[in-house]
Amino acid sequence: MIQFSYKYILSIELSSKTSVFGKQIRSPKHSLAFAASKKDTILSHTCFTVKCNSAKQQTWSKLSYIGQDVRRIPPVLAKLYGDRVQTLDLSYNSLTSLQEIGNFPHLTELILDNNQLSDSINLPQSSLLHTLSLNKNNITDLDLLMRKIESNLPNLRYLSLLGNIACPNQLSCAEKDEEDYQRYRYYVLHCLPNLQFLDSKAVTDEEREEAARRGKFMKIVRPNPNVRKNSKLEESEEDNTNYTPLPTHSRDSNDHRGMFGKCRSRYAGKYSEGNRFIVNNDL
């Protein structure tokens with residue numbers, strides 16, 4: 001089997017057509033220099049790679065746009081490469097939105113490590129995507145993310161969430177331990193039973209069985225911040241009131257509510273240890 005690959009960077013001009021195994025790999029319709037010089041678009045670190053497998057007569061393409069500190073995916077990337085990319089790597093940016101991700105319809109791998117993506121992330125609707133990496137983002141609500149993945153990515157096999165608050169390990173919080181992380185794995189596998197690899201470890205048969213048996217009980221319930229704010233507000237209101245256990249109104253000395261009468265029973269102290277030296281005459 002012979003494998004070879006070629007790549008180009010957007011600062012280099014390519015010929016219009018390249019033939020591999022009788023298939024034409026087309027370069028962008030516009031010149032690369034023009035694409036890189038568009039206003040507010042920096043593409044100097046964009047790399048488009050095509051790998052070819054002679055045995056299977058297959059080609060595989062990857063687009064990398066790394067370390068550009070952008071908050072959204074540049075539309076020019078989707079325009080030039082969207083319909084030809086299987087793997088998209090957008091690591092080490094400042095992404096807060098995936099607005100253009102729907103323009104990459106053939107994605108099988110999506111790498112979004114070291115960005116600023118939060119719980120509002122909009123995942124693409126795709127039955128082809130099998131790998132999703134979201135390491136070191138700002139995801140806190142694990143349950144919400146699981147619902148989005150179940151709905152949009154039915155064939156996901158690899159998921160990595162290390163470095164997010166939603167993934168309770170020592171990378172995200174020093175107070176978490178291995179037991180916390182294992183409960184998290186059980187819950188994720190309960191929600192996504194077809195996963196084969198979670199974070200840095202492959203899913204074992206024992207984990208899959210345990211997740212099916214009690215994974216739904218491993219959900220982490222976080223306190224509602226609105227409820228805490230309301231309770232603090234109520235406490236502050238109570239503190240402002242001058243509470244006292246004493247009566248609010250004083251009564252006249254003649255206005256007493258005492259009572260005088262004869263008792264119906266008498267305590268003899270028969271079983272009291274403290275009264276064992278007291279004789280009956282002293283009572």
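**Burial, packing and loops**

Trainee: Is Glu-210 buried or exposed?
Mentor: The relative accessible area of Glu-210 is 13%. With a 1.4 Å probe and protein chains only, under 20% is buried, over 50% is exposed and anything in between is partly exposed. Glu-210 therefore counts as buried.

Trainee: Before we go on, what kind of model is this?
Mentor: Residues are numbered from 1 along each chain as its sequence is written, and side-chain values use heavy atoms, with hydrogens and water left out. Local features need pLDDT of at least 70, side-chain atom pairs count only at pLDDT 80 or more, and totals for chains, interfaces and linings use all residues, since this model is predicted.

Trainee: How many helices and strands does the chain have?
Mentor: Both are DSSP runs numbered from the N terminus, helices being H or I with at least four residues and strands E with at least two. As for burial, 37% of the 283 residues are buried. The secondary structure comes to six helices and 11 strands.

Trainee: Which residues does Glu-210 contact, leaving aside neighbours within four places in sequence?
Mentor: Glu-210 is found in helix 5. Contact here means heavy atoms within 4.5 Å. By that test, the partners of Glu-210 are Tyr-186 and Gly-215.

Trainee: At what angle do helix 4 and helix 5 pack?
Mentor: Axes are lines fitted to C-alpha atoms, for helices over the stretch in contact, and angles run from 0 to 180 degrees between N-to-C directions. The axes of helix 4 and helix 5 (residues 205-214) are 8 Å apart. These two helices are therefore roughly perpendicular, a label for 65 to 115 degrees, whereas under 35 is roughly parallel, over 145 roughly antiparallel and the rest oblique. The angle is about 75°.

Trainee: How do the residues of that contact divide into nonpolar, polar and charged?
Mentor: Helix 4 brings Gln-182, Arg-185, Tyr-186, Leu-189 and His-190, and helix 5 brings Glu-207, Glu-210, Ala-211 and Arg-214. Ala, Val, Leu, Ile, Met, Phe, Trp, Tyr, Cys and Pro count as nonpolar, Asp, Glu, Lys and Arg as charged, and the others, Gly among them, as polar. The division is three nonpolar, two polar and four charged.

Trainee: Which backbone oxygen lies 2.9 Å from the side chain of Arg-185?
Mentor: Arg-185 lies in helix 4 and is buried, with a relative accessible area of 0%. Beyond four places in sequence, Arg-185 touches residues including Lys-201, Ala-202 and Glu-207. The backbone oxygen 2.9 Å from a polar atom of the Arg-185 side chain belongs to Leu-198.

Trainee: At roughly what angle do the axes of helix 3 and helix 4 cross?
Mentor: The axes of helix 3 (residues 142-152) and helix 4 (residues 178-191) come within 10 Å. The two helices are therefore roughly parallel. They cross at roughly 30°.

Trainee: Which residues of helix 3 and helix 4 make the contact?
Mentor: The residues of this contact divide into six nonpolar, no polar and two charged. Helix 3 contributes Leu-142, Asp-143, Met-146 and Glu-150, and helix 4 contributes Tyr-184, Tyr-187, Val-188 and Cys-191.

Trainee: Against which elements do the buried residues of helix 3 pack?
Mentor: Buried residues of helix 3 include Leu-142, Leu-145, Met-146 and Ile-149. The elements they pack against are strand 8, strand 9 (158-160) and helix 4.

Trainee: Which backbone nitrogen does the side chain of Asp-119 reach?
Mentor: Asp-119 is in the loop between strand 7 (109-111) and strand 8 (131-133), and at 22% relative accessibility it counts as partly exposed. Asp-119 and Thr-140 are 21 residues apart in sequence, yet 6.5 Å apart in space, C-alpha to C-alpha. At 3.0 Å, the side chain of Asp-119 reaches the backbone nitrogen of Asp-141.

How values were computed:
Polar contact = N/O pair within 3.5 Å; in protein donor to acceptor, adjacent residues only side chain to side chain.
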